[in-house]
Amino acid sequence: MRISVTTEITDMTNNQPVGWIFYDGECALCLRWMRRAKRLLNQRDFNFVALQTASAKERLQLTDATALTEMRLLLGDGRIFGGADAVMEIARHIWWAWPSWLISKIPGVILFCRAFYRLIASNRHCTNPICALANRKKWVDWVPLLLLPLVTVPLRDSLPAWIFMWIFVAALFFGCKWLTWRRAQIKISAAGLFRSLGYLFAWPGMDAKKFLTSKSERKPKTGEWFVALGRFFAGVIFIWLAADTALTTEPIANAWISMVGLTLVLHFGLFHLVALAWQRVGVAAEPLMKSPLSATSLSDFWGARWNTAFNKLVHDLSFRPLARRIGVAWAIMCVFAISGVIHELAISLPARGGFGLPLAYFLLQGAGVLFERSNFGRRLGLGNGARGWFFMLIITAAPAYWLFHPPFVRNVILPMLKTIGAT
């Protein structure tokens, strides 16, 4: 059933807005998206026009054959954006979506955005709940996770190590986001499109199905916002003090202070604020860090409190299938080994040194988890209480220099601090 073209066309000559958004007026998905976003974008001086109208084709110089290939955005200054580029430009004008636009400026990310947009555009008339996604070959879902990091490797010789590190980590991150989104097999509907874009570009978690389908009536308390903001600004102050050598002139000490600051800014600050923002609009998005220093066992620390996004990812993709084949104990060691390899790529590869130390760190964590779960570990009381807390703290903190080893500090963190201090 075809839906008639809307006749609700704004005068394109009066009351010059920020821009005009041109959409497919015969696409049910596009119409639902337009109606859902209209109020939000009208408040930011964007107007909507159907691509099928004569004024749209004339203004954009489109033919009947090219008009409906993608949405367009025409800005007041005459610039025209299409498809994913248009979506990112619109995101730039929305405070909670602005980080998506910023992330899209990382080399290679916009190519991923365009591929995702083309996938949606090619299936927008589909009525089957999972459409062509159901017939896909699953190995194709892994291609971005393998390809995106490989594309960044040649940049290692032409960029500062710390910039290459962030680009490489971003490539790994978006490869994982794509994989988890595809595996969720969520119907592309009006709500699904909004949440899919949010999941891919404005949420650091990795539980795609929960994010795309969950509903929450919980509204964050004012105190939660202040706590997250406090951690964010505390992290900024730590980084600034380290870059300015205000607390100490010892380079290694400043490097560790800055790494604590980065953790506060990202994991405990920004990511928590993003979780609260999603809760505010009815999505059951939980903070990724769940009071890790309150863990009373090593298992509790890694399994339920520290970076739950990564925990969810490796649990679904690695632990569950491995546990069925080789048993729980070996699956635990394999998962920690995978974590070690990932950190080798994210830390040792940019640093050009320290290879093997991050892997050793995570193998030690795996061995620690198995030890506390052993009969002897249970008799020692390592799985709970004060003893469990001290055991967790010693095993995670004492060998931390294996994870953030001297080559990483010297070749990545200190040059980054020098750049920050120079600005």
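Predicted model: local features only at pLDDT ≥ 70, side-chain atom pairs only at ≥ 80, totals over all residues.

The protein chain carries 19 helices and 4 strands. Of its 423 residues, 46% are buried. If you take the contacts between residues at least 6 apart in sequence, 65% of them join residues at least 24 apart.

Let's begin with a helix on the inside. The buried residues of α3 are Gly83, Ala84, Ala86, Met88, Glu89, Ile90 and Ala91. Notice that a glutamate, Glu89, is on that list.

Next come the helix pairs. Two packed helices are described by the angle between their axes and the distance between the axes. Take helix α13 (residues 308-326) and α14 (328-351): they pack at an angle of about 140°, with their axes 8 Å apart. Angles over 145 degrees would count as roughly antiparallel, and α13 and α14 are therefore oblique to each other. Their crossing is right-handed. On the α13 side the contact is made by Phe310, Val314, Ser318, Phe319, Leu322, Ala323 and Ile326, while α14 brings in Val328, Trp330, Ala331, Ile332, Cys334, Val335, Ile338, Ser339 and Ile342. Sorted by class, that contact has 14 nonpolar and 2 polar residues, with no charged ones.

Follow α14 to its end and you reach arginine 352, in the loop between α14 and α15. Most residues other than glycine have a negative phi. With a relative accessible area of 46%, arginine 352 counts as partly exposed. Threonine 245 is another case: its phi is positive, about 50°, and it is not a glycine either. You'll find threonine 245 in the loop between α10 (222-243) and α11 (251-280). Threonine 245 counts as partly exposed because its relative accessibility is 39%.

Helix α15 (residues 357-373) and helix α17 (residues 385-397) have axes that come within 10 Å and cross at roughly 160°. These two helices are therefore roughly antiparallel to each other. α15 passes α17 in a right-handed crossing. From α15, the contact uses Tyr361, Leu364, Gln365, Gly368, Phe371 and Glu372, and from α17 it uses Phe391, Ile395 and Thr396. By class, this contact has 5 nonpolar, 3 polar and 1 charged residues.

The last stop is proline 399, in the loop between α17 and α18 (400-403). Is proline 399 buried or exposed? At 7% relative accessibility, under the 20% cut-off, proline 399 counts as buried. Setting aside neighbours within four places in sequence, proline 399 is in contact with Tyr361, Leu364, Gln365 and Ile394. Among these, Tyr361, Leu364 and Gln365 also take part in the contact of α15 with α17. Phenylalanine 362 sits 37 residues away from proline 399 along the chain, and their C-alpha atoms are separated by 10.0 Å.

Conventions:
Residues numbered from 1 in each chain as written. Heavy atoms only, no water. Axes fitted to C-alpha atoms, helices over the stretch in contact; angles between N-to-C directions. Parallel < 35°, antiparallel > 145°, perpendicular 65-115°, else oblique. Left-handed = near helix turned anticlockwise from the far one by under 90°. Contact = heavy atoms within 4.5 Å. Nonpolar A, V, L, I, M, F, W, Y, C, P; charged D, E, K, R; others polar. Buried < 20%, exposed > 50% of the residue type's maximum accessible area, 1.4 Å probe, protein only.
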